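Open the model in your viewer and keep the selection tool at hand. This tour goes stop by stop.

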Amino acid sequence: MTTFVPLPASAAWSHEHARQGFEVVYFRHSGDQRHIVGCTTAVEDGRTWTVDYDITLDADWLTRRAVVTGRSEAGTRSTVLQADGAGRWQVDGAPAPHLDGVLDVDLESSAMTNTLPVHRFQLAVGASSAAPAAYVRALDLSVERLEQDYRRIADEGSRQAYDYSAEVFDFRCRLVYDEAGLVLSYPGIATRAA
């Protein structure tokens with residue numbers, strides 16, 4: 001099992017293929033909490049949008065709160081997700097039983113959110129784990145349950161690599177992470193900016 005080095009102060013990704021755009025994120029550590037604040041902007045299928053996010057994680061990399069604000073031609077909207085760290089969620093203050101058992105938030109607009117389960121798992125090479133997530137759509141901020149799986153494969157030098165799948169999208173790819181556990185290559189979705 002390989003652990004990650006501390007996160008940098010910031011990181012960025014260029015969207016590719018699925019959309020044109022950019023994501024920038026800032027990481028802060030405060031006591032036993034991690035705060036991740038970012039923004040992603042894109043043009044997708046001829047529509048423009050931005051998504052701002054502020055995610056709070058506990059010491060075990062469990063999502064505890066996510067405030068997501070989206071802007072598009074339809075206007076501005078926000079949603080707040082709260083989690084108890086044991087797999088129970090509220091969305092905008094209402095119980096969300098369809099998310100029972102989920103431990104991570106995953107934003108459709110973000111490559112960064114694939115960092116969360118990898119840090120939490122700390123999988124050995126050859127091990128795999130399901131990682132259902134509270135999936136927030138970019139345009140309308142609707143929240144769905146996303147079933148996804150990560151299988152750690154042989155490292156690429158000092159970089160961890162995972163075979164990732166999300167069956168609902170019939171999507172599979174290999175994700176490569178840097179020494180801090182931030183995705184470098186998300187084929188068809190995003191590439192880490194230098």
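What follows is a list of selections, with a note on what is at each one.

This is a predicted model, so local features need pLDDT of at least 70, side-chain atom pairs count only at pLDDT 80 or more, and totals for chains, interfaces and linings use all residues. Residues are numbered from 1 along each chain as its sequence is written, and side-chain values use heavy atoms, with hydrogens and water left out.

**Stop 1**

Select residues 159-166 and 171-177. These are strand 14 and strand 15, antiparallel and joined by six bridges. Strands (E, at least two residues) and helices (H or I, at least four) are DSSP runs, numbered from the N terminus. Two strands pair if DSSP finds at least two bridges between them. Find serine 165: arginine 172 in strand 15 stands opposite. Four residues separate the strands of this hairpin, and aspartate 170 in the turn has a positive phi of about 50°.

Tyrosine 177 faces valine 183 across the pairing, standing opposite it. This hairpin has five residues between its strands, and glycine 181 takes a positive phi near 85°.

**Stop 2: the aromatic rings**

Which rings form a cluster through ring pairs? Select Phe121, Tyr150, Tyr162, Tyr164, Phe171, Tyr177 and Tyr186. Rings of Phe, Tyr and Trp (its six-membered ring) pair if their centres lie within 6.5 Å; planes under 30 degrees apart count as stacked, over 60 as edge-to-face and the rest as tilted.

The structure holds eight aromatic pairs. Tyrosine 164 and tyrosine 186 have ring centres 6.1 Å apart and planes at 70°, so they are edge-to-face. This pair joins strand 14 to strand 16, across 22 residues of chain. Phenylalanine 171 and tyrosine 186 are tilted, at 6.2 Å centre to centre and 50° between planes.

Colour by accessibility. Tyrosine 186 is buried at 8%, while phenylalanine 171 is partly exposed at 23%. Buried means under 20% relative accessible area, exposed over 50%, partly exposed in between (1.4 Å probe, protein chains only).

**Stop 3: the core**

Select Trp13, Ile36, Ile55, Leu81, Trp89, Val105 and Tyr150: of the 49 residues in the largest nonpolar core, these touch the most other members. Strand 4 gives the largest share of this core, five residues. A nonpolar core is a set of buried Ala, Val, Leu, Ile, Met, Phe, Trp, Tyr and Cys residues joined through side-chain atoms within 4.5 Å.
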